[in-house]
Structure formats: C-alpha cells, structure tokens
Amino acid sequence: MSAVSESVGRRMTLGYLADHYGFGLEPSFAVDVTITALADEVDSISPGSLYIPSKSVDVERLEQARARGAYAALVPHAMREVADSAQLPLLFAEPDARQIGALASDIAGKPSGLLAMFAICGEDGDEVEANVIRLADFLHMLGNPVGVISASGSSSLERRLDLRHPIGVLDVQHTLAVCGEDGAAAAVVALNERTLRPDALQSVGVDVLGCVDEEKPQSLAALRQAQRYGFAAPKQLKVTTRTEESDALASQSALGQRDASEPRLSLAIAMTLAAGVRRGNIKSALRVSQELR
C-alpha cells in the first residue's frame, strides 16, 4: 500500500498538474478539481486521491478507484478512448520514475529539502541497518530529532511507523513529510533492497552518504546507489566512510565497546563531521554520554 496522504500534503488542482507536468486532461472542465493525496494501489486510495496505477489498468479498476474516493486517475494515452465511460477525470501521460518522484515530492511539500538527509549503503543489509540505528542514536545524542527509514524499523522521532517494506517513492515522500511535521531535523535512510524499491528516492536530496564498505571507491558507491534508488547526487553531496579521526573519537568513547558497535559509532561520527558538525560538539556529546553511563 503506497500513498501520499492529505494530512501532510498540499492541495493541487488538475489544471495545475496538467500545466506544470504537461499531462493531458479529460474532461477539460475538470481543471478546478482539487487533489489532496496520491495512491498507486486501489486499497490505499483515500477520498481526494489521484490514482496512479502501479500495474495495468482498465475501466473496471478505475471504477473501483472512484468507489474508494479517487477524484482522478493518471493513465496512459492509450486509454483516451475510455474517457467517456470512466466516470472520473483522467490525466493522460506515461510518466517515468523521475516524474512520479517529482509529483510525489511536490504534493508532499518537498519534505527532503526541510531535513538533513543521511543515507547509508553497503553490501551487507544487516550491517547497513545496524549503522542506521547507530547514526540515528548519535544524531539524537547531539540534540537532533530524527526520523528513520529502515526495514528493521521506520520511525518518526519516538513513534514507530507502520510501513510494509520495501517501500516505493510515494511512501518515502509521505514518511519524510510525516517526520517533518513531527518536528524532525534529520532523517536517516537504509539503502538496501529490504528497505527500498528501485527509484524510491526520486526527488530526494541526500546530504551525506555513508559507506559501510571501506574498500570500495566512495565515488563509485555513491553513483551506484544514486542510479539504483534515484536520489539526487549533486556536487555538494558528502560521501564518507570511517576515517582515522572518527576511529580515534569512537575508541576514546565509553560507547565504543571494542566490538561491532565501535566501527558503527565511528561511521556515525564521520558522517556527522561531514555534515558540518564541529568536532568539539561531538566530543562534548560523547563525554556527556560517558557520564550518563
């Protein structure tokens, strides 16, 4: 079930979608119909949704969508011949993953632009998810409310989110919007196939990418992950793995237990340093944590 819901999204008219994205619209007088949500499965449709079928679609499925409360559907141009019998407005296009991501981000309010976005990649999915937990805990220690997208447990601050992983682009945008609405300052995403479908991060800007696998060139890892999941990889993207500095800070901390947790803490430190957090602030947070223990 994938959706961007009205509770965190912005409202758009079909006329705006037609003009902004170049979609065809039938009937033309439906320009003022307002969309408040996106859904790519019939079961996830709520009243006010634009239905974007993830699979093949016919008139019967459109009728099911209308009965569930869809206000319109986005279908291929080949379905123009059924426009009169569809009983709901139709937008016509063959959007690619990039366009679906842009639309989902648009209606969700472009949430990734309001959060510090961290992502972690690696060959071992379990290790990726363990590093996500460690980084989220460390960002929280530094005073940042955090959202997490991971198959091992997605959350917004302290609230567990009920997601069926792997999730697609609509659920990603919805989750980031929920995190922003809850007051999160940052979000951490596990880049593995258990957590995300291909292209799930279209129109998501990543600020810092952490690589668990130290032996692989960081630029190559970033390129491969960007291609698979579709996130924006601009020149300002920081890509890092553990460093001598982060290893030293981790080994000095009481959180470092001389086991698997220490390299995870080191990567978390390296990523926060890459994000621009001052070394002094990191050392203070580690010292406070040591005193609390």
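Leu191 sits in strand β13, where strands are DSSP runs of E with at least two residues, helices are DSSP runs of H or I with at least four, and both are numbered from the N terminus. With a relative accessibility of 2%, Leu191 counts as buried; buried here means under 20% relative accessible area, exposed means over 50%, and partly exposed lies in between, using a 1.4 Å probe and protein chains only. This is a predicted model, in which local features need pLDDT of at least 70, side-chain atom pairs count only at pLDDT 80 or more, and totals for chains, interfaces and linings use all residues. Residues are numbered from 1 along each chain as its sequence is written, and side-chain values use heavy atoms, with hydrogens and water left out.

Which residues does Leu191 touch, not counting those up to four places away in sequence? Leu191 touches Ala119, Ile120, Cys121, Val128, Leu196, Leu201, Leu209, Gln225, Tyr229 and Phe231, where contact means heavy atoms within 4.5 Å. As for Glu41, 150 residues from Leu191 along the chain, the two C-alpha atoms are separated by 24 Å.

## The chain as a whole

Stepping back, the protein chain holds nine helices and 15 strands. Its radius of gyration is 21 Å, close to the 19 Å that the globule rule gives for 293 residues, so the protein chain is as compact as a globular protein of that length. The radius is taken over C-alpha atoms, and the globule rule is 2.2 Å times the number of residues to the power 0.38. Along its principal axes, the C-alpha trace of the protein chain spans about 70 × 35 × 30 Å.

Buried residues account for 51% of the 293 residues in the protein chain. If you take the contacts between residues at least 6 apart in sequence, 65% of them join residues at least 24 apart.

## Helices α4 and α8

Helix α4 (residues 125–141) packs against helix α8 (residues 261–274) at an angle of about 60 degrees, and their axes are 9 Å apart. Axes are lines fitted to C-alpha atoms, for helices over the stretch in contact, and angles run from 0 to 180 degrees between N-to-C directions. The angle makes α4 oblique to α8: angles under 35 degrees count as roughly parallel, over 145 as roughly antiparallel, 65 to 115 as roughly perpendicular, and the rest as oblique. The crossing of α4 and α8 is right-handed, a term used if the near helix is turned clockwise from the far one by less than a right angle, with anticlockwise giving left-handed.

From α4, the contact is made by Glu127, Ala130, Asn131, Arg134, Leu135, Phe138 and Leu139, and from α8 by Ser261, Arg264, Leu265, Leu267, Ala268, Ile269, Met271 and Thr272. By class, this contact of α4 with α8 has nine nonpolar, three polar and three charged residues. Ala, Val, Leu, Ile, Met, Phe, Trp, Tyr, Cys and Pro count as nonpolar, Asp, Glu, Lys and Arg as charged, and the others, Gly among them, as polar.

## Helices α1 and α3

Helix α1 (residues 14–21) and helix α3 (residues 97–108) pack at an angle of about 140 degrees, with 13 Å between their axes. That makes α1 oblique to α3. The crossing of α1 and α3 is right-handed.

On the α1 side, Tyr16, Leu17, His20 and Tyr21 meet Ala102, Leu103 and Asp106 in α3. The contact of α1 with α3 has five nonpolar, one polar and one charged residues by class.

Ser150 lies in the loop between β10 (146–149) and β11 (155–156). Is Ser150 buried or exposed? Ser150 is buried, with a relative accessible area of 0%. Leaving aside residues up to four places away in sequence, Ser150 touches Glu129, Val132, His165, Ala190 and Thr195.

His165 is joined to Pro166 by a cis peptide bond, with omega about 0 degrees. Pro166 has its place in the loop between β12 (159–160) and α5 (169–182). The peptide bond from Glu26 to Pro27 is also cis, with omega near -5 degrees, and Pro27 is in the loop between β3 (24–26) and β4 (34–35).

## Positive phi values

Gln87 is not a glycine, yet has a positive phi of about 65 degrees. Gln87 is found in the loop between β7 (72–75) and β8 (90–92) and, at 57% relative accessibility, counts as exposed.

Asp199, likewise a residue other than glycine, has a positive phi near 70 degrees. The loop between β13 (186–191) and β14 (208–211) holds Asp199, which counts as partly exposed at 27% relative accessibility.
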